[in-house]
2 protein chains.
Amino acid sequence: MAEKEEVNLLGTWYSPVVARAKIALRLKSVDYDYFEEDLFGSKSELLLKSNPVHKMVPVLIHNGKTILESLNIVEYIDETWNASGPSILPSHPYDRAQARFWSAYVDDKWFPTFIAATLTTSEDAKVNGMKEVGEGLLLLEDAFASISKGKSFFGGETIGFMDICLGSFLVILKARERLNGDTILDESKTPFLFKWADEFLSDDTVKIVVPEIDKIAKFEAKTQSSDS
Amino acid sequence: MAEKEEVNLLGTWYSPVVARAKIALRLKSVDYDYFEEDLFGSKSELLLKSNPVHKMVPVLIHNGKTILESLNIVEYIDETWNASGPSILPSHPYDRAQARFWSAYVDDKWFPTFIAATLTTSEDAKVNGMKEVGEGLLLLEDAFASISKGKSFFGGETIGFMDICLGSFLVILKARERLNGDTILDESKTPFLFKWADEFLSDDTVKIVVPEIDKIAKFEAKTQSSDS
C-alpha cells in the first residue's frame with residue numbers, strides 16, 4: 001500500500017452497521033479519522049456529497065475514493081489491507097458464498113423483521129414478528145453449527161464476515177431485552193448462538209468499538225418515546 | 001479444479017436472475033445440467049431441500065454443495081473457475097466495491113420500484129413509480145459513464161458483474177415497452193445506457209442464454225391478465 005493513507009469514516013455512534021466498518025478497520029489495524037454525523041439534525045455536506053443516492057452512513061473515504069454500504073465496506077477493507085490482520089472473508093469460494101448468503105439473510109430478512117416487530121403498535125403483529133425472529137435464530141443456530149465446525153466464531157478461531165454482520169446487531173438485541181424484560185436470544189433454544197454472542201461481545205476488537213448496551217438501551221427508550 | 005465436476009442449475013426459463021447464473025457459467029465455459037422448475041405448480045423436492053429458507057431459484061449445486069442467490073452465485077462462479085474465461089468482477093478492490101454497490105442499488109431499489117410501478121393499479125402510483133425508475137436510470141447512466149471509461153461495458157471490454165446484474169433485467173424492460181408502447185430506456189436521456197443495452201443483448205454469450213423479448217412479452221401479458 002501507499003505510505004500515506006487517508007482513511008475517513010463517516011458514521012453515528014449508535015449505528016450497528018457503522019460498527020461493522022469500525023470492527024473491520026480495527027481487525028486490519030488501519031488508522032482512520034472518524035466523523036460523527038447528526039442524522040436527526042442536518043447531515044454534513046461531506047455525507048451528502050459522498051452518498052447522494054442513499055445519504056446514509058457508514059461512508060468510508062479512502063484516499064479520496066468513496067465506498068458505501070456496510071458489508072461492501074467490510075469486503076473492501078478485507079481486500080485492500082489483505083496483508084494486515086486476519087482474513088475477514090474465508091478463502092474458499094464455497095465458504096465465502098455461505099458467509100455472503102447468511103449475511104444477506106440477516107440484513108434483508110431477519111433484522112428487518114426484528115425492527116418491524118419492535119416498532120409496530122399492533123400486539124398481534126408484534127407477537128407474530130417476534131415468532132419469526134425466533135425461527136430465524138433457529139436457522140442461524142443451524143448455520144452456525146455447520147459453518148463454525150466447533151470453533152468460537154462463524155469465521156473459525158477469529159471473527160469474520162458473518163460474525164461482524166450478525167454480531168453488529170447484538171447490542172440492539174440485548175438493549176431491547178433489558179428495556180422489555182424479555183428474552184430474545186434464548187440459551188435453551190439457541191445454545192451455540194448464545195455462547196457465540198458472549199464471545200463476540202467480549203472480543204477485544206469488538207469491545208472497544210461497539211457502544212455499551214445500557215447506553216443503547218437509553219438511546220432506544222428515548223427514540224421510541226419520541227416516535228409515539 | 002477436480003477433473004469430474006458435477007454442476008447443476010435449478011431455474012425457470014423466464015427468470016432474469018437465473019439468466020445471471022447462466023451467463024456467468026457460459027463466460028467461464030462451465031458445462032452444467034439445467035433443471036427447469038415449475039414455480040406456479042409444485043416446486044421440486046431438490047429445490048425445497050436445497051433452498052429451504054427462500055425456496056427460490058436460481059440454485060447452483062456444485063459437487064453436491066449448494067450456492068444460493070443470483071449475485072452470490074455469480075461471485076462463486078467467478079472465484080471457482082477463476083482460471084477460465086474473463087474475470088467477472090474487476091480486480092481492484094475499489095472497482096469491485098463500485099460494482100457491488102451499483103448492483104445492490106439495482107436489486108434493492110431500482111428494480112423493485114420498476115416492478116411495483118408496473119403492477120400497481122393506481123395510476124398515480126404508476127406515474128410516480130416510473131418517474132423514480134427514470135431518475136434511477138439517470139443515476140445508472142452517470143455510473144456507467146464513470147465506470148466504463150469509454151468502453152462498451154461496465155466491466156470494460158467484456159461483460160462483468162454489473163453488466164450481468166442490470167443486463168439481466170433488459171429483456172423484461174424491453175418486453176414491457178412492447179406491451180405498453182412506451183419508452184423506458186430513452187436514447188435521448190440515457191444515451192450511454194441505450195447503446196450499452198444493445199451491445200449487451202447482442203453479445204454472443206448473452207444472446208444464447210436470455211429469452212426472446214417477444215416470448216417474455218407474451219408470458220408477461222399472460223401473467224398480468226391472470227393476476228387481475
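Predicted model: local features only at pLDDT ≥ 70, side-chain atom pairs only at ≥ 80, totals over all residues.

Residues are numbered from 1 along each chain as its sequence is written, chains are lettered from A in the order in which they are written, and side-chain values use heavy atoms, without hydrogens and water.

**Interface**
- In chain B, 23 residues are in contact (heavy atoms within 4.5 Å) with 23 residues of chain A.
- About 2100 Å² is buried between the two chains (accessible area, 1.4 Å probe, lost on being put together, summed over both), and carbon and sulfur atoms give 64% of this area.
- B:V53, B:Y94 and B:F101 supply 27% of the area that chain B buries against chain A, more than any other three residues.

**Salt bridges between the chains**
- Six salt bridges (a side-chain nitrogen of Lys or Arg within 4 Å of a carboxyl oxygen of Asp or Glu) are counted between chain B and chain A.
- A:R100 pairs in this way with B:E75, at 3.2 Å between the closest N and O atoms.
- A salt bridge also links A:R100 and B:E79 (3.4 Å, N to O).
- A network of salt bridges links A:E75, A:E79, A:R96, A:R100, B:E75, B:E79, B:R96 and B:R100.

**Salt bridges overall**
- The whole structure holds 24 salt bridges over all chains.
- One of them joins B:K131 and B:E135, with the closest N and O atoms 3.5 Å apart.
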